[in-house]
Amino acid sequence: MDPSAALDHPFPSDFTPIHQHTRSTQFKELTALHILRRSTVFALTAVAALMSSAAWADDSSPVGLWRNVDDVSGKPRALVRITESNGTLQGRVEKVFLGPNESGTCAKCEGALKNAPVVGLVILSGLKKDGDEYTGGQILDPDNGKVYSSKISVTNGGKKLNVRGFIGVSLLGRSQVWERQQ
């Protein structure tokens, strides 16, 4: 081969300069990275939407932890955890907020519940879904030891629980509004 010919054409005809090859590869990598990022954002958005829908559906359920607020004083009385088993709700006291000269026992309850600690006491039972309400249950008032018929309904986007205790018909009773804690 003639050395002067080599200077006119120092590279083979299919050769691509390094800087051009690097730019092409970088472009392809950036395009792939861009597509991956967009796919990730889309996937995360879809997951967030599904999770918020599930959370919204859960807010319509009374299952959770509720702060019982006294209908006369407006002060917190207890934290009650409502659970569901086989389509029936029950509420158990997890914590009480005692005032001066108040006992943490059900002193006025009768039978096996006489002087039972209020913490751990099942005060709501037998409630079953009936349209937008849960009805057919009972509620125990640990202050007077009496058991009443009850019904409950979730309101305010799942943040409040209307609790009604009554004798005979729902018109003869009293209501409280509990606040969701969890």
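**Strands, core and surface in a predicted model**

Trainee: Which residue in β6 is the bridge partner of Asp141?

Mentor: The model is predicted. Strand β5 covers residues 133-141, and β5 is joined to strand β6, residues 146-155, in an antiparallel arrangement. In β6, the bridge partner of Asp141 is Lys146.

Trainee: In the hairpin of β4 and β5, which residue takes a positive phi?

Mentor: Strand β4, residues 122-130, runs antiparallel to β5, and five bridges join the two. Asp130 stands opposite Glu133 in β5. Two residues lie between the strands of this hairpin, and the residue with a positive phi, near 70 degrees, is Gly131.

Trainee: Which residues have the most contacts inside the largest nonpolar core?

Mentor: This core has 22 residues. The elements giving two or more residues to this core are β2, β3, β4, β5, β6 and β7. Beyond its neighbours within four places in sequence, Trp178 is in contact with residues including Val80, Ile82, Ile123 and Leu161. The residues with the most contacts inside the core are Ile82, Ile123, Ile152, Leu161 and Trp178.

Trainee: Is Leu171 buried or exposed?

Mentor: Leu171 lies in the loop between β7 and β8. With Val169 and Leu172, Leu171 forms a nonpolar surface patch of about 350 Å² of accessible area together. Because its relative accessible area is 76% and the cut-off is over 50%, Leu171 is exposed.

Note on methods:
Residues are numbered from 1 along each chain as its sequence is written. This is a predicted model: local features need pLDDT of at least 70, side-chain atom pairs count only at pLDDT 80 or more; totals for chains, interfaces and linings use all residues. Side-chain values use heavy atoms; hydrogens and water are left out. Two strands pair if DSSP finds at least two bridges between them. Helices (H or I, at least four residues) and strands (E, at least two) are DSSP runs, numbered from the N terminus. A nonpolar core is a set of buried Ala, Val, Leu, Ile, Met, Phe, Trp, Tyr and Cys residues joined through side-chain atoms within 4.5 Å. Buried means under 20% relative accessible area, exposed over 50%, partly exposed in between (1.4 Å probe, protein chains only). Contact means heavy atoms within 4.5 Å. Patches are made of residues with over 30% relative accessible area and no salt bridge: like charges are joined within 9 Å, nonpolar side chains (Val, Leu, Ile, Met, Phe, Trp, Tyr) within 5 Å. Accessible areas come from the Shrake-Rupley method with a 1.4 Å probe; for residues, only the protein chains shown count as cover. A salt bridge is a side-chain nitrogen of Lys or Arg within 4 Å of a carboxyl oxygen of Asp or Glu.
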